[in-house]
Amino acid sequence: MPPVTSARGVLRHAAAAVAGLVLATGGLTATAFPAHSAGSATATADAPVRVNQLGYLPDGPKRATVVSSTTAPLPWQLHDSSGTVVASGATTVRGADQASGQSTHQVDFGAYTGTGTGFTLVVGGQASHPFDISASLYDGLRTDSMSFFYQQRSGIAIDAALTGAAYARPAGHLGVAPNKGDTNVPCQAGGCDYRLDVRGGWYDAGDQGKYVVNGGISAWEIVNSFERARRSGAEAALGDSTLRVPERGNGIPDVLDEARWELEFLLRMQVPAGKPMAGMAFHKMHDAEWTALPTRPDLDDKQREVHPPSTAATLNLAATAAQCARVYAPYDAAFSARCLDSARRAWAAAKAHPDVLAPATDNTGGGAYEDADVSDEFYWAAAELLATTGESQYRDAVTASPHHTKPADGFWWGGTATLGRITLATVPGVNLPADDLTRVRGLLTSAADGYLCTMAGQGYAVPIPATGYVWGSNSAVTNNAMVLAVAYELTGQQRYRAGALESLDYLLGRNALDLSYVTGYGERSSENQHHRFWAHQNDASLPHPPAGSFAGGPNAGLEDPVAKAKLPGCAPAACYVDDIGSYSTNEVAINWNASLAWLAAFAAERRGTPAVPEVRVTPAAVTVPEGGSTAVGVRLSAAPAQSVTVTVARSSGDQDLAATTGTTLVFTPANWATAQQVSVSAAQDADAVSDSATFTIGGPGVRSVTFTAREADDDAASPASCAVTYRIDNSWGNGFTATVTVKNTGASAISGWTLGWSFAGDQRISSAWNATVSQSGAAVTARDAGWNAALAPGGSTSLGFQATYSGTNATPTRYTVNGMLCS
């Protein structure tokens, strides 16, 4: 398991983690690696010309590092696969690099715009490893880094048809001998007096434990990757049948299918109702003693134990379950509702038990994952619940937190405040004041600027300082690169995207060791990561780690026997050895692979030719009550190069239908993903005909789209399929709060709802929650919040609002849902 990777905690890993390990012998050092295979290619020894061994994107940065003590620039040539020189220039002397202990030069061949395979960079007669320049460069890594999670699943057989025969295995920990199983697990002594079914989930790292705190950040990153792709209009690349998972073809994005496997486990770790500390989450579960290496999961005969609840684990559950409710709502309303219920109960339990801390001494058989400060987890959980529900109690928790105004710090499993900042800054419609959102976004871009400054001062352009090479340093690189990518989304400024991509350069070979830390990617890649099953170095009948597995990376602490023996005196960025016994430099972990998968998906998005954004309308067809109005949300599919103006106009159909507000909308490179409201009204007339009209939304610089509006004539009777109740909860001199409940009384499910009513007086809504609410004059339109869009027959949902008024405060008498009158 990966330990704390910050000064906030003490680095720990029990020596018993190597029980049964036969230490490999050999001449590996921090500066020279023997030739070994990566994929089907046979690699050469390390070269002084260090490149991203996978390659470069045509529209991305193209830089390399040369190890040389020469103080004058050196000539360089870029050769294509035929040996032809296609670009040339001179290096820039960078001098001593503190982290690597090397003298370096930099090559920048970004002016070359060609594509192809088998390029080499030659400096002073020395050639780099071959690499490609291609827009599809990261497609394979996007898939393989996600396949890691399927192969880490507990409680399911791993199918050879999805992984290859070498990686197939029976289901682990389902109670089939010799397993004691995860379906009926006792608590650690003193933890509880009952047993739990905590099957499923992902094995955390090279061990076979399952930890809520590390599972939380891992699941969040995977789901957030889909959220980000959806905002950029690139969600299809993560959609159904894009990954090698058994659920492919079920109509749900594969990346969400994979994350759900872990989310289901996290939900099972919640203390049941009626038990002491109900709603809290158990901290972790694993073998009562360290599992020997190697051990295939289904052959593990050790007793499994559930460890007592902790506040940190409970808040991880609250945060990820709230995110689940938001993102899964369009695909599985029942699962979304279940997640939201779990998140609310976890939040309430954490508030009731705010200081139940996991002890650092609980590290027999698994990592402690101790955390003495959970204020950041409170902030993260509140941010996720606010983004999902819009409720004032969570907004108040966000704004009262000291993390809300602090600079954005690097995130990791023990420091999650920046995850909350990312959600607040990027999820459309978060119920915070505009100046709050602007400030949070500024905190993230300021952090990104700091990472760029750090990279600019180094020979290898890494977004961590020379003091940052600790346990899991590679995950600090990917996490900080994620912040750079978020800054790019917020601003559209290319320097942030370039920084995120150069971080991948470091991980894939442009580093002090001329080594790719991702198995199967690059001429020289890690292939002996610390793992109980992917343990070929110990047992030739077992496989190497699969392609896409990500090593923890250099760790100047040298915290395992192999590292101590093989790496004495290493420079910080060179304190790594590709040996299965070096768990402090060469373990795998779900949170590390999650950030790699996030970054690979970002890098794989096609950006070579700026796309013309498409206008997107939700819903694409609406029903408008006669004499009333209905709103649609309008956004773009991608960021425009500059601000664009779109207009809304009826192009054909019933002239009683008209766009009344929001007919001219402006989208900028910063707000393109935020839906803006357009109101469509239907004039009151004497006929009994329900007709329709088509509206076109478009303008220069965007691809236009149409949507259809149908008038629901109130002279034509139709059976009501909805019921609405309106309750004033609190009232004072000139203001009040109210709750409106919508119930589906029909026989068919409602998938997406728009509620309309008109006030009889001068009531004006100032804020709302659980719905997106707009008001034009007396007419109010409330659209579902996404997570509550689906209403099964007999199902109901509620929204709330605060409003002002003068005089009387009469209750509305007429309501419509999707244009149809309700009872």
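**Entry 1.** I started with Phe-602, which counts as buried at 2% relative accessibility. The model I am reading is a predicted one. I then looked up Tyr-488, which is also buried, with a relative accessible area of 13%. Both values fall under the 20% cut-off for buried.

**Entry 2.** I searched the whole structure for aromatic pairs and got 29. I picked out Tyr-488 and Phe-602, whose ring centres are 6.1 Å apart and whose planes meet at 80°, so I noted the pair as edge-to-face. The cut-off for that label is over 60 degrees. I placed Tyr-488 in helix H11 (residues 473–491) and Phe-602 in helix H15 (residues 590–604), so this pair ties together parts that are 114 residues apart in sequence.

**Entry 3.** I turned to Phe-759 and Phe-801, another aromatic pair that is edge-to-face, with 6.3 Å from centre to centre and 65° between the planes. I found Phe-759 in the loop between strand S32 (754–758) and strand S33 (764–769). Phe-801 is in strand S37 (residues 796–804), and the pair links distant parts of the chain, 42 residues apart. I checked burial for Phe-759 and Phe-801 and noted that both are buried.

**Entry 4.** Last, I looked for charges over rings. I noted Arg-228 over the face of Trp-598, at 5.4 Å from the ring centre. I also noted Arg-260 over the face of Phe-335, where the figure is 3.7 Å from the ring centre.

How values were computed: Residues numbered from 1 in each chain as written. Predicted model: local features only at pLDDT ≥ 70, side-chain atom pairs only at ≥ 80, totals over all residues. Heavy atoms only, no water. Phe/Tyr/Trp six-rings, centres within 6.5 Å; stacked < 30°, edge-to-face > 60°. Helix = DSSP H or I, 4+ residues; strand = E, 2+ residues; numbered from the N terminus. Buried < 20%, exposed > 50% of the residue type's maximum accessible area, 1.4 Å probe, protein only. Lys NZ or Arg CZ within 6 Å of the ring centre and 35° of its normal.
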